[in-house]
Amino acid sequence: MKTQRPISSDEEHQVLQFRPRISSSPSVRQGNGTVRPLHAATPEPLDLSRYEQPREEPDDFRHRMLANIAALAFTIALTAIGIWLAVSIADLRRTQDCVLMGRRDCVKITTPHI
């Protein structure tokens, strides 16, 4: 049996030649093929201060901390509920499997210690 291969022509594929940058300053190519170096008028610091905006009111760290504590408590509660639910479903499944096998002593009976 012959394997089917897609028909491809040489026009679909093009190999680009990698040319490493030699100069330390970046350059810009113009439409006619000439290259001119790209120079910045004034060197700007490379930090994020230019994106900062003045705030109308300062940060309320107390409110932020309380919100983080509330989120942590909610996450812990959800985790505890999920673990309890998984354990109860597993116990229910064990009991149901026992009953379906025809056994009679499937339910655990707890007796108080006297």
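Which residue does aspartate 105 meet in a salt bridge? The answer is arginine 103. The views below take up this pair and several other sites in a predicted model.

**View 1**
The protein chain has one helix and two strands. Strand β2 covers residues 35-37, and helix α1 covers residues 61-100. Strand β1 spans residues 27-29. Buried residues account for 3% of the 114 residues in the chain. The chain exposes about 12700 Å². Carbon and sulfur atoms supply 59% of that area.

The average pLDDT of the protein chain is 80. A score of at least 70 is reached by 74% of the residues. Where pLDDT is low, predicted coordinates should not be read in detail.

**View 1. Arginine 55 pairs with aspartate 59.**
Arginine 55 sits in the loop between β2 and α1. Its side chain makes a polar contact with the side chain of aspartate 59, at 3.3 Å. The two residues also form a salt bridge, with their closest N and O atoms 3.3 Å apart. Is arginine 55 buried or exposed? Arginine 55 counts as exposed because its relative accessibility is 63%, and the cut-off for exposed is over 50%. Aspartate 59 has 33% relative accessibility, so aspartate 59 counts as partly exposed. Side chains of opposite charge can pair when their charged atoms come close.

**View 2. Arginine 64 also meets aspartate 59.**
The side chains of arginine 64 and aspartate 59 form a salt bridge at 3.6 Å, N to O. Arginine 64 is partly exposed, with a relative accessible area of 43%.

**View 3. Aspartate 105 and arginine 103 form a salt bridge.**
Here is the pair from the opening question. The N to O distance is 4.0 Å. Aspartate 105 is exposed, at 57% relative accessible area. Arginine 103 has 47% relative accessibility and counts as partly exposed. Elsewhere, salt bridges that share partners join Arg55, Asp59 and Arg64 into one network. The count for the structure comes to four salt bridges.

**View 4. A disulfide links cysteine 98 and cysteine 106.**
How many disulfides does a search of the whole structure find? The search finds one. The sulfur atoms of cysteine 98 and cysteine 106 lie 2.0 Å apart. The link is left-handed, with -80 degrees about the S-S bond. Are these cysteines buried or exposed? Both cysteine 98 and cysteine 106 are buried.

**View 5. A nonpolar patch lies on the surface.**
Which residues form the patch? They are Ile81, Trp84, Leu85 and Ile89. Together they have about 450 Å² of accessible area. Isoleucine 89 belongs to helix α1. Isoleucine 89 has a relative accessible area of 51%, so isoleucine 89 is exposed. The cut-off for exposed is over 50%.

Methods. Residues are numbered from 1 along each chain as its sequence is written. Side-chain values use heavy atoms; hydrogens and water are left out. Helices (H or I, at least four residues) and strands (E, at least two) are DSSP runs, numbered from the N terminus. A polar contact is a pair of N or O atoms within 3.5 Å; within protein, one must be able to donate a hydrogen and the other to accept it, and residues adjacent in sequence count only if both atoms are side-chain atoms. Patches are made of residues with over 30% relative accessible area and no salt bridge: like charges are joined within 9 Å, nonpolar side chains (Val, Leu, Ile, Met, Phe, Trp, Tyr) within 5 Å. Accessible areas come from the Shrake-Rupley method with a 1.4 Å probe; for residues, only the protein chains shown count as cover. Buried means under 20% relative accessible area, exposed over 50%, partly exposed in between (1.4 Å probe, protein chains only). A disulfide is a pair of cysteine sulfur atoms within 2.5 Å. pLDDT is the predictor's confidence in each residue, from 0 to 100.
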